[in-house]
Amino acid sequence: MKNPPPGRADMTALEEENRRLSAQLVHAESAHAELIVIHLAYRRLSEAAAGPAALAVLIDLVATVLGCERFEVFRCADGHLTERLDGIGSWADEEWQRLDSAPLVREALDAGRVRTQEPWVGATSDREPVACVPLSGGGAVTGMLVLYTLLPQKYEWTSSDAALFDVLSTLGGKVLPS
């Protein structure tokens with residue numbers, strides 16, 4: 001005995017189920033791609049030799065994966081920024097020293113945790129940090145990554161940015177030359 005052909009209601013239900021499953025697949029593939037990017041960032045940074053090679057990897061990750069247009073990397077000691085190491089679009093040496101008292105920097109230094117604000121809402125100028133990522137080494141904050149401006153097409157932080165901040169914070173201390 002043959003099954004009768006599906007009716008219009010059955011076809012509509014199947015089409016709706018197909019759309020729902022397709023959307024889930026797209027979401028799963030997107031999440032998988034984000035995990036691969038975070039894994040590769042972790043691997044690149046963990047395998048880089050300490051010092052200049054690791055600093056070059058960090059700069060590349062911040063510029064290409066986070067989409068940051070202007071940022072700086074600092075050495076920290078005793079809860080203060082002590083030396084600018086490198087970055088893209090860095091300010092003159094005498095200008096970065098005011099950052100030590102900037103609220104977002106102070107919060108990140110005092111808490112030893114990443115601090116962010118909305119990239120296009122929170123910043124009052126391109127010299128106001130939109131994110132501060134403490135770089136840990138030996139259980140202490142030994143450096144700070146300060147992000148100022150993002151690429152024009154990036155207008156908010158994502159969950160993969162948060163995961164990359166964690167990777168940078170955990171492994172970022174190795175970028176600091178001894």
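Okay, hi everyone. Before anything else, please keep in mind that this is a predicted model.

Let's start with the inside. The largest nonpolar core has 30 residues. If you want names to click on, the residues with the most contacts inside that core are L58, V62, V73, L145, L147, L168 and V175. Which elements give two or more residues to this core? They are helix 1 (8-47), helix 2 (52-64), strand 1 (68-77), strand 4 (131-137), strand 5 (140-150) and helix 5. Helix 2 puts in the largest share, seven residues. There's also a second, separate core, with 13 residues, and that one includes L81, C132, V146 and Y148.

Now zoom in on V73. Setting aside neighbours within four places in sequence, V73 is in contact with L55, L58, E83, R84, L85, D86, L135, M144, L145, V175 and L176. Keep E83 and R84 from that list in mind, please.

A quick word on helix 5, which covers residues 159-171. From first C-alpha to last, its 13 residues reach 19 Å, close to the 18 Å expected at 1.5 Å a residue. Which residues of helix 5 are buried? You've got S160, D161, L164, F165, V167, L168, S169 and L171. L168 you've met already, as one of the residues with the most contacts in the largest core.

On to charges. Side chains of opposite charge can pair when their charged atoms come close. In this model there are nine salt bridges, and I'll show you a few.

First up, E72 and R84, whose side chains meet at 3.8 Å, N to O. E72 is in strand 1 and R84 is in strand 2 (residues 80-88), so this pair ties together parts that are 12 residues apart in sequence. Are these two buried or exposed? E72 is buried, at 0% relative accessible area, while R84 is partly exposed at 23%.

Next, E83 and R75, also in a salt bridge, this time at 3.0 Å, N to O. E83 is partly exposed, with 35% relative accessibility, and R75 is partly exposed too, at 23%.

D110 counts as exposed, at 60% relative accessibility.

Most residues other than glycine have a negative phi. D78, though, has a phi near 50°, a positive value. Where does D78 sit? In the loop between strand 1 and strand 2. D78 is exposed as well, with a relative accessible area of 78%.

Finally, cysteines, for anyone thinking about disulfides. A disulfide is a covalent bond between the sulfur atoms of two cysteines.

Notes
Residues numbered from 1 in each chain as written. Predicted model: local features only at pLDDT ≥ 70, side-chain atom pairs only at ≥ 80, totals over all residues. Heavy atoms only, no water. Helix = DSSP H or I, 4+ residues; strand = E, 2+ residues; numbered from the N terminus. Expected span 1.5 Å × (residues − 1). Buried < 20%, exposed > 50% of the residue type's maximum accessible area, 1.4 Å probe, protein only. Core = buried A, V, L, I, M, F, W, Y, C linked by side-chain atoms within 4.5 Å. Contact = heavy atoms within 4.5 Å. Salt bridge = Lys/Arg side-chain N within 4 Å of Asp/Glu carboxyl O.
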